[in-house]
Amino acid sequence: MELSEISLRNVKSISEKREKYFNKLGVFSLLDLLEFFPRSYENRMNVKKICELVPKTSVSVKCRVLSVSTRQIRRKLSVSDVVVSDSTGRMKIVFFNRKYDVDRLKTGNEYIFFGEVEYAYGSFSMKQPQIELPETQSSFTDTLTPIYPLTAGLTQNIVRTAVKNALIYAADSVYDNLPSNLRQKYTLCEKMYAFNNIHFPKDNEALEAAIRRIAFEELFYVALGLGLIKKRTKDEPSPIFHNFKTANELAETLPFELTNAQKRTVREICADFRDKKHVNRLVQGDVGSGKTVVAAMIMMICVRSGFQAALMAPTEILARQHYSELKKYFEPFGFKVELLVSSMSAKEKKTVYETLRNGEADVLIGTNAMIFEKAQFSRLGLCITDEQHRFGVKQRLGLSQKGENPHVIVMTATPIPRTLALILYGDMDISVIDEMPAGRLPVITRTAVGENREKVYGFVLGEVKKGHQAFVVCPLIEESEKMDLENAVKLREKLQNGILKDCRVGLLHGRMKGAEKDEIMLKFKNREIDVLVSTTVIEVGINIPNATVMVIEDANRFGLAALHQLRGRVGRGKLQAYCFLNISDMTSFKRLKIMEETNDGFKISEFDLKNRGPGEFFGTRQHGIANMKISGLSYDISLVKTARDAADELILSDPDLTLPENRAIKKTVEKMYTAI
Ligand code: ADP
Ligand code: MG
């Protein structure tokens with residue numbers, strides 16, 4: 001039997017009740033449990049000096065006790081403050097109800113404390129650490145202890161025990177889906193060894209080997225899958241375009257000159273059309289670099305060559321914005337442009353379907369409604385998806401299956417470091433629009449902490465008085481839409497009744513219906529709203545050139561890529577724009593500093609890659625390739641290229657995976673892609 005078909009209940013220590021808790025974490029089978037990788041490890045041998053501490057990491061510090069004081073707060077709650085120091089600094093350690101331990105600490109003696117480092121008001125601290133007393137020297141185990149993501153009902157110990165039992169249960173039945181020749185060539189350990197050591201590493205070396213093996217495998221299969229798609233689409237005939245000059249006709253109607261980067265991108269795509277190649281291309285261009293006109297020019301060629309073109313956007317607001325912009329571009333040429341979004345009535349949709357099927361419509365703009373719903377094209381020649389990082393491979397395939405191998409262009413403003421693009425967009429060629437339209441001023445960015453947060457709104461008021469507009473964004477809280485909404489509502493009220501009482505403060509959130517959102521956006525665009533408080537629904541694409549301020553509340557909750565996207569909503573006109581990152585404490589100050597230093601999305605993403613590892617980029621929301629389970633753990637970035645090379649080599653030497661030594665690979669790929 002396959003490990004994925006073996007129930008969790010077979011694992012000793014997993015009762016029916018516990019099984020349900022595991023289910024909540026997405027763990028349903030024995031295989032899921034083996035692949036439920038730790039998010040980090042406690043390393044108790046990792047002894048640091050106070051000056052080397054980093055907030056939110058678990059470390060040991062070896063310190064001398066300077067003073068101890070215990071207060072009885074309530075009958076059942078005592079709090080002890082212990083001040084300690086080493087040669088590099090001092091810190092406070094707080095204990096709750098640990099009087100017994102604390103009483104054994106002797107002022108002037110050295111101890112090792114193990115716990116999570118916190119940082120507040122300019123100094124480090126630790127709460128409830130474990131203490132190594134001199135007389136129990138070395139009671140800390142010197143292994144790495146796994147830390148798992150948890151849910152209510154589960155503790156670290158329950159999960160550890162369950163995983164241990166699962167490893168024993170599966171010991172003889174784990175099947176290695178990388179053949180030994182490949183393992184040898186790339187010095188990868190066996191799968192069972194990897195499972196054992198990723199959960200309970202023997203030592204650092206074993207852990208590294210385990211992570212390397214598992215990361216390689218995940219990257220390799222993604223690269224292989226995408227490589228096979230690329231081969232398939234390249235081999236099949238695709239629509240033939242001609243009439244390339246027509247793109248210039250559109251360019252001539254624009255009130256501005258195209259940048260060199262825009263021209264180059266159009267040329268690169270046309271070169272493929274000329275060679276009658278199937279186009280499958282990623283167009284990367286920072287926010288505001290002008291991707292929409294590039295898309296419009298390519299669509300122009302498609303329609304003039306006798307085909308239909310589709311543009312898919314990730315949100316309804318964006319789809320509607322593209323619709324009105326492209327209609328303006330295309331109507332002078334007599335093209336019929338249609339919109340398809342979920343919130344339209346059945347009757348409206350039916351009319352659109354009809355015009356698509358009978359070929360009357362030339363251009364369709366919409367959300368992913370166009371994949372899932374009954375849209376059928378009579379001669380689809382080109383699919384463009386905007387802000388691709390929001391779509392998965394599944395959608396990428398879904399749309400291109402709507403025609404006879406149509407050309408595919410995806411546009412993204414999320415700058416992906418080159419190394420990672422190799423894997424994430426392994427099936428595509430890449431063009432980069434690396435130049436901004438002339439006359440854009442870089443957005444001035446400042447981080448505001450504590451009381452300064454209030455002052456930011458004084459600045460907003462000043463800008464509104466000048467006739468400008470502002471965005472205020474509240475973050476997603478713990479993925480809870482409800483709290484998210486409450487937060488935005490409260491902030492709007494506070495601002496409207498307080499410092500911004502003379503402004504018109506609007507609210508936009510994810511729970512509003514499409515039409516409602518549009519109404520608000522329209523009001524904002526028409527300057528009937530001065531300050532728009534919103535949840536992250538505005539993240540992508542929205543174009544309001546008169547907006548000069550972007551305030552991001554609790555900016556520390558966002559990744560740098562998301563912050564960069566949000567900041568890109570301002571500075572889109574000729575006016576100087578500002579972005580304020582509001583945070584409540586200093587913990588993330590260092591990370592956010594890069595936002596003040598540069599407006600270059602590629603620099604920011606390289607920085608993110610270096611500091612947080614590739615995992616951040618492999619989060620499903622960024623790229624949509626399901627289940628990169630290794631993503632939380634860091635590994636050597638050069639592995640990405642190694643895995644891609646291995647996949648390319650294999651496709652070259654055995655494109656149909658028919659050789660006996662590749663049987664294991666074939667089986668895995670087939671499973672992966674029927675899932676898509
Ligand atoms: P993005 O790449 O973020 O999707 P858009 O396509 O929305 O950017 O373009 C942003 C703004 O810049 C739009 O108002 C667009 O009309 C304008 N724009 C695009 N290309 C140029 C150019 N070459 N010169 C001046 N403005 C341009
Ligand atoms: Mg755009």
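Helices, taken as H or I runs of at least four residues, and strands, taken as E runs of at least two, are DSSP runs numbered from the N terminus. On this basis, Glu218 is placed in helix H7, which covers residues 204-235. The model described here is predicted. Its chain has 25 helices and 22 strands in total.

The chain consists of 676 residues, and 54% of them count as buried. Its accessible surface amounts to about 31300 Å², with 51% of that area belonging to carbon and sulfur atoms. When contacts between residues at least 6 apart in sequence are considered, 73% of them join residues at least 24 apart.

The largest nonpolar core has 62 residues, and the members that touch the most other members are Met299, Phe330, Ile365, Leu382 and Ile409. Helix H10, residues 291-304, supplies the largest share of this core, with eleven residues. Another core, of 35 residues, lies apart from it; Val222, Met428, Leu609 and Val669 are among its members. The surroundings of Leu382 illustrate the largest core. With neighbours within four places in sequence left aside, Leu382 is in contact with Phe241, Ile298, Met299, Cys302, Gln308, Ala309, Ala310, Pro406, His407 and Ile409. Two of the residues in this list, Met299 and Ile409, are also among those that touch the most other members of the core.

Ligand 1 is surrounded by 16 residues, of which Glu257, Gly288, Lys291, Thr292 and Arg440 are the closest. Sorted by class, this shell contains four nonpolar, seven polar and five charged residues. A nitrogen atom of ligand 1 lies 2.8 Å from a polar backbone atom of Glu257, and an oxygen atom of ligand 1 lies 3.5 Å from a polar backbone atom of Ser289. In the case of Thr292, the side chain is involved: one of its N or O atoms is 2.6 Å from an oxygen atom of ligand 1. On its own, ligand 1 has 570 Å² of accessible area, and the protein covers 86% of this.

His322 is found in helix H11, residues 316-330. Its relative accessibility is 3%, and therefore His322 counts as buried, the limit for a buried residue being under 20%. Beyond neighbours within four places in sequence, His322 is in contact with Thr292, Leu311, Ala313, Lys327, Ile365 and Asp386. One of these residues, Ile365, belongs to the largest nonpolar core.

Glu218, in helix H7, counts as buried because its relative accessibility is 15%. Glu218 and Val640 are separated by 422 residues in sequence, while their C-alpha atoms are 9.9 Å apart in space. A second pair is formed by Pro655 and Leu228, which are 427 residues apart in sequence and 7.9 Å apart in space, C-alpha to C-alpha. Pro655 is found in the loop between helix H24 (638-653) and helix H25 (663-675). At 31% relative accessibility, Pro655 counts as partly exposed. Phi of Asn97 is near 50 degrees, a positive value in a residue other than glycine. Asn97 is located in the loop between strand E5 (89-96) and helix H3 (99-103), and its relative accessible area of 45% makes Asn97 partly exposed. For Asn243, which is likewise not a glycine, phi is positive and near 65 degrees. Asn243 is located in the loop between H7 and helix H8 (246-253). With a relative accessible area of 36%, Asn243 is partly exposed.

Asn97 is also one of the residues in contact with Ser78. Ser78 has its place in strand E4, residues 77-86, and counts as buried at 4% relative accessibility. Apart from neighbours within four places in sequence, the contacts of Ser78 are with Thr70, Arg71, Gln72, Ile73, Phe95, Phe96, Asn97, Arg98 and Lys99.

Notes
Residues numbered from 1 in each chain as written. Chains lettered and ligands numbered in written order. Predicted model: local features only at pLDDT ≥ 70, side-chain atom pairs only at ≥ 80, totals over all residues. Heavy atoms only, no water. Near = heavy atom within 4 Å. Polar contact = N/O pair within 3.5 Å; in protein donor to acceptor, adjacent residues only side chain to side chain. Areas by Shrake-Rupley, 256 points an atom, 1.4 Å probe, with all protein chains shown as cover. Nonpolar A, V, L, I, M, F, W, Y, C, P; charged D, E, K, R; others polar. Core = buried A, V, L, I, M, F, W, Y, C linked by side-chain atoms within 4.5 Å. Buried < 20%, exposed > 50% of the residue type's maximum accessible area, 1.4 Å probe, protein only. Contact = heavy atoms within 4.5 Å.
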